Amino acid sequence: MIAPRKSAPRGRRRHALSTRIWHWINAASVIILFMSGLNISNAHRRLYWGDWGFSPEQAWLVVPRFPGWATIPNYYSLSDARDWHIIFSLVLGFGLLTFLIAALINGHMFRNLFARAREWRLSSITEDIRQHLRLNFEHGDGKYNILQKIAYASVLFVMLPLMIFTGMVMSPGMEAVWPWMTDLFGGRQSARSIHFIMAWGLFGFFVVHVALVVLAGPVRQIRDCLLYTSPSPRDR
């Protein structure tokens, strides 16, 4: 669904250097945020809807306790985990903002990320699914096919913004400055639940993305990035 193409034709490069640097900084930030978030989750493992909640009978979900090897730091420390979380949330937030502004200015957003009307046809989506099941990631006229566009747009325009804004709602300082944001998400506990759901949604995206990269041939992709240094206008 979201794997890069298997290879690029000789003399072309799939992504610019700045895009690849942003990609790996973003990937590292998401991993650190997720693992430090698991440590924070261990402090209170129950999730609620609304403005408040504490007792087990009020919870809609009780999250399992995560082991040290899955958390940052690898021992329980709410304060240390929050430090990691805050620092890399800034890296992720400003990185996303920079990417969106650049993509809007250079046309990448409209040229490659937004699907055309014909791509939303049932026949087009069905054919795209069929080609992915055959592990054929080279189909389609544009840089990304419809399933890739849906996946990337969901992450860039839904999951990551919701992660950022619900994280701001959970901050007492931000809540004091912009109390209307808490109401926007239906209460602080609702924001916490949405934050949790989006985090695991991004984890699912990450797992599928890595799996499809492996299926597409990671060695060939690395070789393409090193050898093909002249991007076409469509890939810029």
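Glu119 counts as buried, with a relative accessibility of 10%. This is a predicted model. It contains two salt bridges, and Glu119 takes part in one of them, with Lys149 as its partner.

**The Lys149–Glu119 salt bridge**
- The closest N and O atoms of Lys149 and Glu119 are 2.9 Å apart.
- This pair connects distant parts of the chain, 30 residues apart.
- Lys149 belongs to helix α5, which covers residues 146–169.
- Glu119 sits in the loop between α3 (108–113) and α4 (122–133).
- Lys149 has a relative accessible area of 6%. Buried means under 20%, so Lys149 is buried.

**The Glu127–Arg130 salt bridge**
- Glu127 and Arg130 join through their side chains, at 2.5 Å from N to O.
- Both residues lie in helix α4. They are three residues apart, about one turn of the helix.
- Glu127 is partly exposed, at 32% relative accessible area.
- Arg130 is also partly exposed, at 36% relative accessibility.

**Charge pairing in general**
- Side chains of opposite charge can pair when their charged atoms come close.

**His44 and its surroundings**
- His44 is in the loop between α1 (17–41) and β1 (46–47).
- The relative accessible area of His44 is 22%, and the residue is partly exposed.
- Leaving aside residues up to four places away in sequence, His44 touches Phe54 and Arg192.
- Val62 is 18 residues from His44 in sequence. In space, their C-alpha atoms are 9.1 Å apart.

Methods. Residues are numbered from 1 along each chain as its sequence is written. This is a predicted model: local features need pLDDT of at least 70, side-chain atom pairs count only at pLDDT 80 or more; totals for chains, interfaces and linings use all residues. Side-chain values use heavy atoms; hydrogens and water are left out. A salt bridge is a side-chain nitrogen of Lys or Arg within 4 Å of a carboxyl oxygen of Asp or Glu. Helices (H or I, at least four residues) and strands (E, at least two) are DSSP runs, numbered from the N terminus. Buried means under 20% relative accessible area, exposed over 50%, partly exposed in between (1.4 Å probe, protein chains only). Contact means heavy atoms within 4.5 Å.
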